[in-house]
Amino acid sequence: MTDAPLTQIWVYLAASPLLWLTATLVCYLIALKIYRLGRENALLNPVAIAVGLLIALLQLTGTPYQTYFDGAQFVHFLLGPATVALAIPLYRQRERLKTLALPILAALLAGVTTAALSAVALGALFGADTKTLISLAPKSVTAPVAMGISEKLGGLPSLTAVLVVSTGIVGAVLGTGLLRLLRIRDDAVKGFAMGLTSHGIGTARAFQVSPVMGAFSGLAMALSAFVTALLLPPLLRWIGLVGD
Amino acid sequence: MLEALTLILSCQLAGEVLVLVSGLPVPGPVLGMLLLLAWLVLRGGVSERVAQTADTLLGHLSLLFVPAGVGVLVHWERVRDQWPAIAAALVLGTLITLAVTAVTMAGMQRLLAWRRGGSHD
């Protein structure tokens, strides 16, 4: 009976949002530490490591995702205010924005269309079902926006959230390397491509490279969220993935 | 900190309400961002406190995606059954999008610079 108090403590903690909120922060800080120890190597993406640690913890303790999310929702909620806060880095870049209006518009339309069509085409080619395809389509857009789009079109919003995070991680891990390979040197271009493809996770990575890259990544993330929300429904209807 | 947070949340709330009222297919936070941007332009500057709060929030942007990422647990079977399609879309789709966006923007910039240069001759 010596472990009875311990069990009681566990029962109490498992029922309150405090435990998993704290666990989320602790796992993220550990992941960040690993990332810094590895000299900010893109392969050691902090989101990927934190998610891995938390999944291991949930599996070990037999905790269902819903219980976890009851605590973690407080962190998840901040995605909205963080999206709004992107106005500040944007405002700081307003002078460059004016001179780059045309290239930005072209890259935005090309990027948003490519993101959705490449995801759906590759998914279909390798045999994904319709629900997965619709959930994949908005994967380059920031999570709250992508989930809203997915739900409206008949996808699985929570699967979309996972695909959005994975897309962000892939872009953050491989993005800087690919841009170097393409000989893109302008931080504004690098940031814009990163943010359009990999939303907030790409933006977090971009801010670590330079403030200009971060600001343009944030700009791309905001603009693509706006344009994808408008363009994706007619685009998916046009290719016949969703009905009228 | 408190003032800045109130300003940001107010913009988000206004964005959400505008979406509900107008039926625009755009998410509330995105509209909220545009509202905050408009407010900053009208006011002609960012106060130090607002800037600090925004920088704190954006400095830990990746943390905010962690809860959604853990959600892979719920879709484990679907991901396992369709993993080649999901992996292809995630890796190849992401690289293609990144390349197309970067090359389009850099190309347009070069085109505009070339035309501007040409008009001087």
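In chain A, helix α11 (residues 157–181) and helix α12 (residues 187–209) have axes that come within 8 Å and cross at roughly 80°. Because angles of 65 to 115 degrees count as roughly perpendicular, α11(A) is roughly perpendicular to α12(A). The model is a predicted one.

**The α11(A)–α12(A) contact**
- On the α11(A) side, the contact is made by A:V164, A:V165, A:T167, A:G168, A:I169, A:G171, A:A172, A:G175, A:T176 and A:L179.
- On the α12(A) side, the contributing residues are A:K190, A:A193, A:M194, A:T197, A:S198, A:H199, A:G200, A:I201, A:G202, A:R205 and A:V209.
- Sorted by class, this helix contact holds 9 nonpolar, 10 polar and 2 charged residues.

**Contact between chains A and B**
- Chain A puts 90 residues into the contact and chain B puts in 62 residues.
- Helix α11(A) supplies 16 residues to the side of chain A that touches chain B, the largest share of that side.
- That side of chain A is made up of 65 nonpolar, 22 polar and 3 charged residues.

**Overall form of chain A**
- Chain A has 13 helices and 0 strands.
- From the N terminus on, its elements run α-α-α-α-α-α-α-α-α-α-α-α-α.
- The radius of gyration of chain A is 20 Å, close to the 18 Å given by the globule rule for 244 residues, so chain A is as compact as a globular protein of that length.
- The C-alpha trace of chain A spans about 70 × 45 × 30 Å along its principal axes.
- Buried residues account for 53% of the 244 residues of chain A.
- Taking the contacts in chain A between residues at least 6 apart in sequence, 62% join residues at least 24 apart.

**Domains of chain A**
- Chain A is assigned domain 1 (4–77) and domain 2 (83–238).
- The centres of these two domains of chain A, taken over C-alpha atoms, are separated by 26 Å.
- Domain 1 of chain A gives 6 residues to the contact between them, and domain 2 of chain A gives 9 residues.
- On the side of domain 1 of chain A that touches domain 2 of chain A, there are 4 nonpolar, 1 polar and 1 charged residues.

**Domains of chain B**
- Chain B is divided into domain 1 (1–59) and domain 2 (67–121).
- The C-alpha centres of domain 1 and domain 2 of chain B lie 27 Å apart.

Key. Residues numbered from 1 in each chain as written. Chains lettered and ligands numbered in written order. Predicted model: local features only at pLDDT ≥ 70, side-chain atom pairs only at ≥ 80, totals over all residues. Domains from an automatic or database assignment. Axes fitted to C-alpha atoms, helices over the stretch in contact; angles between N-to-C directions. Helix = DSSP H or I, 4+ residues; strand = E, 2+ residues; numbered from the N terminus. Parallel < 35°, antiparallel > 145°, perpendicular 65-115°, else oblique. Contact = placed C-beta atoms within 7 Å. Nonpolar A, V, L, I, M, F, W, Y, C, P; charged D, E, K, R; others polar. Rg over C-alpha atoms; globule rule 2.2 N^0.38 Å. Buried ≥ 20, exposed ≤ 12 C-beta atoms within 10 Å, placed from the backbone.
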